[in-house]
Number of protein chains: 2
Amino acid sequence: MVNVISVETAAEIIAEKLPGWGTETLSLPTLGGGILAEPIRTDRPYPPVERVMMDGIALAWDTYQSGQRVFPVLGTVAPGEPPPSLTDTRCCFEVMTGAALPLGCELVIPYENLEIKNATAHVIRPEPWQPYQFVHRCGSDAPAGKIILSAGAKLNSPVWGILASLGQIRVAVKRRPRTQIIATGNELVPPEEQAPQAYQLRLSNPYALAAALQRQGYNRVSITHLRDEPRALADHYRQASKDYDLLIYCGGVSKGKFDYLPQMWREQGVQQYIHEVAQRPGKPFWFGIDHQHQTAVFGLPGNPLSSLICLHRYLLDGPTFYARLASPFRFDQPLTYFLPVKLEVTTAAELIVHPRPPQNSGDFLALAETDGFVELPAEKSYFEAGECYRYFPWS
Amino acid sequence: MVNVISVETAAEIIAEKLPGWGTETLSLPTLGGGILAEPIRTDRPYPPVERVMMDGIALAWDTYQSGQRVFPVLGTVAPGEPPPSLTDTRCCFEVMTGAALPLGCELVIPYENLEIKNATAHVIRPEPWQPYQFVHRCGSDAPAGKIILSAGAKLNSPVWGILASLGQIRVAVKRRPRTQIIATGNELVPPEEQAPQAYQLRLSNPYALAAALQRQGYNRVSITHLRDEPRALADHYRQASKDYDLLIYCGGVSKGKFDYLPQMWREQGVQQYIHEVAQRPGKPFWFGIDHQHQTAVFGLPGNPLSSLICLHRYLLDGPTFYARLASPFRFDQPLTYFLPVKLEVTTAAELIVHPRPPQNSGDFLALAETDGFVELPAEKSYFEAGECYRYFPWS
């Protein structure tokens, strides 16, 4: 007797049982978009010098305070040059934005307040400047050794920039599992088949799942196809459980005559944690762990909509959003309903979604006009326009 | 005299002048996440057969209507098998979900209403079934030749699945330009440099920009670094303008003594369309086209925050969002202000953003705690909590 569990219970079981898969070290140019797995600290103070923030001249504060307004220019300091010392405090240096402040200088006066003739700077528009006013003080953004990025940070574009600026060209990231997507079914032919029989379908599910995984940084995903033959399925499993950390099957988990997978997995020693979930689509959803090989096994339904929804709901770790229904929707059964939707972005900063229910479980083409799906809880059967539910954008 | 233009005018000029870069053909496994450049049609009706949607038996409607309730089973039809003909209308076939409906059958009765013994099916729980009730009718999702995906569709996971199911393993996508990111500045050392001088900075901008471009499907992005030397910059440009469609410079576009780029570009025949934009950060923002080589040239400011914001605002084509300010913000100058923010997702389906203004133009580390930026228009100087503005998430 199979125990049908709720979506929430299924998600908890998976979160608890799924192995961690550890970390791996990647280098900056091929870092991808995964998750940082170590805290990152500053290697030195930032900025590392007293950094000039305006083009102009740098001079000693005391000299300026004494009333002097004309300063011989000793030279020019550009970014990337070691800061010279102001040995004669009656003089100044020209300084460029980004340069290190010359030693012995505390005041920067911008060009717009100056006239420079014959290597001499004249202050023509004095203002009530303060010491270090146009100086980005050494260490003012962060001292050396400060944690700037925490483990768990998403590797987006600013993070790449921060890692490079800190000299962290090799960092530990959350290791993505070696993954194989296995489509089962005798009706499937390769996608390049140009003239399938009417009773044949091209292999398509695994490409949709692979695209979603790749976008989340899964960098070792392979695809295969197996026929519904118990022995071939078992032979494949024995090798695959050694070669992969994560096996995602599509099809063969229902209770049809040719749905051999759940029995095969049990025979191969996979501990079953989930077989059916109170959800539509995707009720026959199987999850187990092969503790001997530390391999996680997902059995997703064969229909493309179900498998893609289950992958987003139970495996991918995208951001959590909530969206507001633009029109009411009814679903009378005591199941969580995953409703495909079209997103409307409003200038009022709201995420509004328009229901695009599929005509039936096989209607995958209709997904072309959707942006994701919302999760409608099992406890209700009528969902009013204006109510807000959890929204999963397609990866 | 340089003409300072508004953010809106700058965006219009870029949209108008930027070349299209054409299309290229990519194959399914390496399709990436770009933009489809051709409409995609169904190659045949979908579903391509009368497809069974329940495990059970299939039989002739007229026979069932005549009152017969016991049917000898002629055989079983599984998915992927050619549909047999029901030559004896007093009999039935067992059919599996996904199988083609046997010819001569119009009614499917699910297992739960049946008892099957000795190759004979007994209807034990009759219901008021209709012809084709559990049949996904041939062509009901789409006829052959229907446009399913339009040019401009984003290549997300459902789209990958649809392309595979239609046998479209090679498709035209928007060609991404051959791109080089060129950081200029004598203060820059490679990111792998472990002990830079205090007055040196590691090359970091180009990695942030490359990450953002890669996420949007730019698959040919290289990075280089040049010193602030007019002749070296010109020599590099002459070759790069032939090798690349898009050159993105960071630094050297301001009006400092060592900002040689705008003059060099003009000397090399690049037509300048934008030099300064009324925005902060990023006022010195340069854009031009080398019409001889059909090369687009962006000159972004050298500071990392400015260059990343300008890339998102003017070049990337991410989704448009609006977000609501969680707290007020003041900016008194007549410039568009790009304000880094932290996103808060609420169960009320709102995008709320918390201002995280940088302490100064060089404070890049603070971006670690931001999710993107909002665009605050130049016409206002006080922005109230609760007001909504355009929001750009970091790529």
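A:Gly56 stands opposite A:Val95, a residue of strand 7 of chain A. That pair is a handy way into this predicted model. Strand 5 of chain A (residues 56-59) and strand 7 of chain A (residues 92-95) run antiparallel, with three bridges joining them.

In chain A, six strands make an open sheet in the order 8-5-7-6-10-9, with mixed pairing. At the edges sit strand 8 (107-110) and strand 9 (114-117) of chain A; each has a single partner strand, so one side of each has no neighbour in the sheet. On average, neighbouring strands here are turned by 35° against each other, direction ignored.

Now for the whole chain. Chain A has seven helices and 29 strands. Its radius of gyration is 31 Å, well over the 21 Å that the globule rule gives for 395 residues, so chain A is more spread out than a compact globule. The box filled by its C-alpha atoms, taken along the principal axes, is roughly 95 × 50 × 45 Å. As for burial, 48% of the 395 residues of chain A count as buried. Looking at contacts in chain A between residues at least 6 apart in sequence, 69% join residues at least 24 apart.

Then there's the partner. Contacts between the chains involve 88 residues of chain A and 88 residues of chain B. Several elements of chain A give two or more residues to the side that touches chain B, among them strand 12 (147-149), strand 16 (201-202), helix 4 (205-215), helix 7 (304-314) and strand 23 (321-325). Helix 3 of chain A gives the most, with eight residues. Here is how that side of chain A splits by class:

| Class | Residues on the side of chain A that touches chain B |
|---|---|
| Nonpolar | 46 residues |
| Polar | 29 residues |

Definitions and conventions: Residues are numbered from 1 along each chain as its sequence is written. Chains are lettered from A and ligands numbered from 1 in the order in which they are written. This is a predicted model: local features need pLDDT of at least 70, side-chain atom pairs count only at pLDDT 80 or more; totals for chains, interfaces and linings use all residues. Two residues are in contact if their C-beta atoms, placed from the backbone, lie within 7 Å. Helices (H or I, at least four residues) and strands (E, at least two) are DSSP runs, numbered from the N terminus. Ala, Val, Leu, Ile, Met, Phe, Trp, Tyr, Cys and Pro count as nonpolar, Asp, Glu, Lys and Arg as charged, and the others, Gly among them, as polar. Two strands pair if DSSP finds at least two bridges between them. Axes are lines fitted to C-alpha atoms, for helices over the stretch in contact, and angles run from 0 to 180 degrees between N-to-C directions. The radius of gyration is taken over C-alpha atoms; the globule rule is 2.2 Å times the number of residues to the power 0.38. A residue is buried if 20 or more other C-beta atoms lie within 10 Å of its own, exposed if 12 or fewer, and partly exposed in between; C-beta atoms are placed from the backbone.
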